[in-house]
Amino acid sequence: MSLISGHHVLHDQPLCLKNVSITIQLHKHFGKIEPYNLYSLLEMLTQHVSTIIDLIFPSSHHFALVLVAGLAILYFAYRRKAPIYLIDFTCYRPPSSHRLPIAMFEENSVLDDLDPESVAFQCKIIAKSGFSEETAITSSLAQIPKVKSLALALDEAETIMCSAISDLFWRNNINPKSIDILITNSCVFCPTPSLSAMVVNKFKMRSNIMSFNLSGMGCSAGIISVSLAKDLLRVHRGSLALIVSSETLNLNWYTGKVHSMLLTNCLFRMGGAAILMSSKVNDKHKAKYELQHIVRTINAQDDQAHRCVYQDVDPENKEGISISKDVVHVAGDTLKKNIASLGPLVLPLREQFLYVISIICCKVLYRRRSSIYTPNFNLAFEHFCIHSGGRSVINAIERSLRLRKQDVEASNMTLYRFGNTSSSSIWYELSYTEAKGRMKRGDRVWQIAIGSGFKCSSAVWKCLQDVTPDNGSAWRDTINMYPVQVTDMKIS
């Protein structure tokens, strides 16, 4: 009897060794189980499924099939793309002491020792800018003479970014140490240490946080940051991501005479936004939006588009950002390419069919007089957040997409109240729509951002719940004043 038992022990030894090996591997995986380890665990179980079946029920083929099917379902379910949620966002509201009324802008231009021609040009542009008396700049640029320094620029960046982040954390009861991913963006201002390092230092975040700082990406950097956050959140499931979009004016205020560089003084104003995103399944119930699509287009292969918005030095060696007269035309071409990629993802089949037929009529049948059909984007979206780069840009996109006046209301009012706040402008527009009480469950939002490069980026969000107007938003206590009729101002 003992010999027979010994024979069975020796005969089953390879199976026992496999059992021990699998047990050790399972112990290692379950001992440090985390969301991103589940995928590797399922792969390991799949590889050893036959051995596990032999260990448990060597003769039960039905159980084996059920087990394999169960593991396959788990495997493919986990491989599905994780939903990305926008939990909340906040926009920085400059204090009233930072206001730059039109008369003050004109007076400062004269006292800055600019030549009369440059003063007249700036006054002409600001009169047509669509700005109110409420837009703001940092106090160092409002004084005479203007003071520009790295220390003041750092202080400006810290004030905007940290104010928006603190407000966001307070409203959502977020511990800074719970943030797994941090992305900051600022087009021109790129100090060392980076702005992301500054945020980590100020809020004492974890040492293993994944931090990124984007620069030189233009006004489309906000959506580019969302795209980066989306990819990281899907790789590192169950994580929280913080995005901070801002622009610093202090070191970028142009003091020369070149008209194409003086445009930035007339268009850009103080602002910033903080956005909280998540890939945690449990966050769906408190999230405002779910990300549907992101489409990015860059037209930098074209020389004209590449130099359309360009940082350079003038003949007097003064640094500035030159904005070409072709900016509206280039923006339109880049937007068309972006829409060509986005359209099939969001438009009803009927609109896509009519668009294709119109192209065939124009190009194949050589009916040059017939225009290409413009799809009705109101069938795909309830709300539009078009980058408030300037009245000419907003009006051009409105005409190109055949939008209604109410579709561009948020963009025009953001430009009027806050000016061009660069990459954060689309968040002021979304905040405007929420403050008006127009955002309802199931509504779809199209954010369009354009910027240097030349780039056009689109983000599509779906509202998950009726959004109640927030008394703490950037539009607090003034939202009932809007919309207003914007007209050109008279400059003396």
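Two residues are in contact when they have heavy atoms within 4.5 Å of each other. Keep that in mind for the exercises below.

This is a predicted model, in which local features need pLDDT of at least 70 and side-chain atom pairs count only at pLDDT 80 or more, while totals for chains, interfaces and linings use all residues. Residues are numbered from 1 along each chain as its sequence is written, and side-chain values use heavy atoms, with hydrogens and water left out.

**Exercise 1. Find what share of the contacts with a separation of 6 or more comes from residues 24 or more positions apart.**

Step 1: take the contacts in the chain with a separation of 6 or more. Step 2: pick out those between residues 24 or more positions apart, which account for 79%.

**Exercise 2. Decide how enclosed helix α11 is.**

Step 1: locate the helix. Helices (H or I, at least four residues) and strands (E, at least two) are DSSP runs, numbered from the N terminus, and α11 covers residues 221-235.

Step 2: check its span. The expected value is 1.5 Å times one less than the number of residues; for the 15 residues of α11, the reach from first C-alpha to last is 21 Å, close to the 21 Å expected.

Step 3: look at burial. Buried means under 20% relative accessible area, exposed over 50%, and partly exposed in between (1.4 Å probe, protein chains only). Eleven of the 15 residues are buried, so α11 is largely enclosed by the rest of the structure. Among them are Ile223, Ile224, Leu232 and Leu233.

**Exercise 3. Trace the strands that pair with β6.**

Step 1: recall that two strands pair if DSSP finds at least two bridges between them. Step 3: go on to β11 (residues 455-463), which is antiparallel to β6 over nine bridges. Here isoleucine 298 is partnered by lysine 455.

**Exercise 4. Describe the surroundings of threonine 264.**

Step 1: Step 3: list its contacts. Leaving aside neighbours within four places in sequence, threonine 264 touches Ile321 and Ile323. A polar atom of the threonine 264 side chain lies 3.0 Å from the backbone oxygen of methionine 261.

Methods:
Polar contact = N/O pair within 3.5 Å; in protein donor to acceptor, adjacent residues only side chain to side chain.
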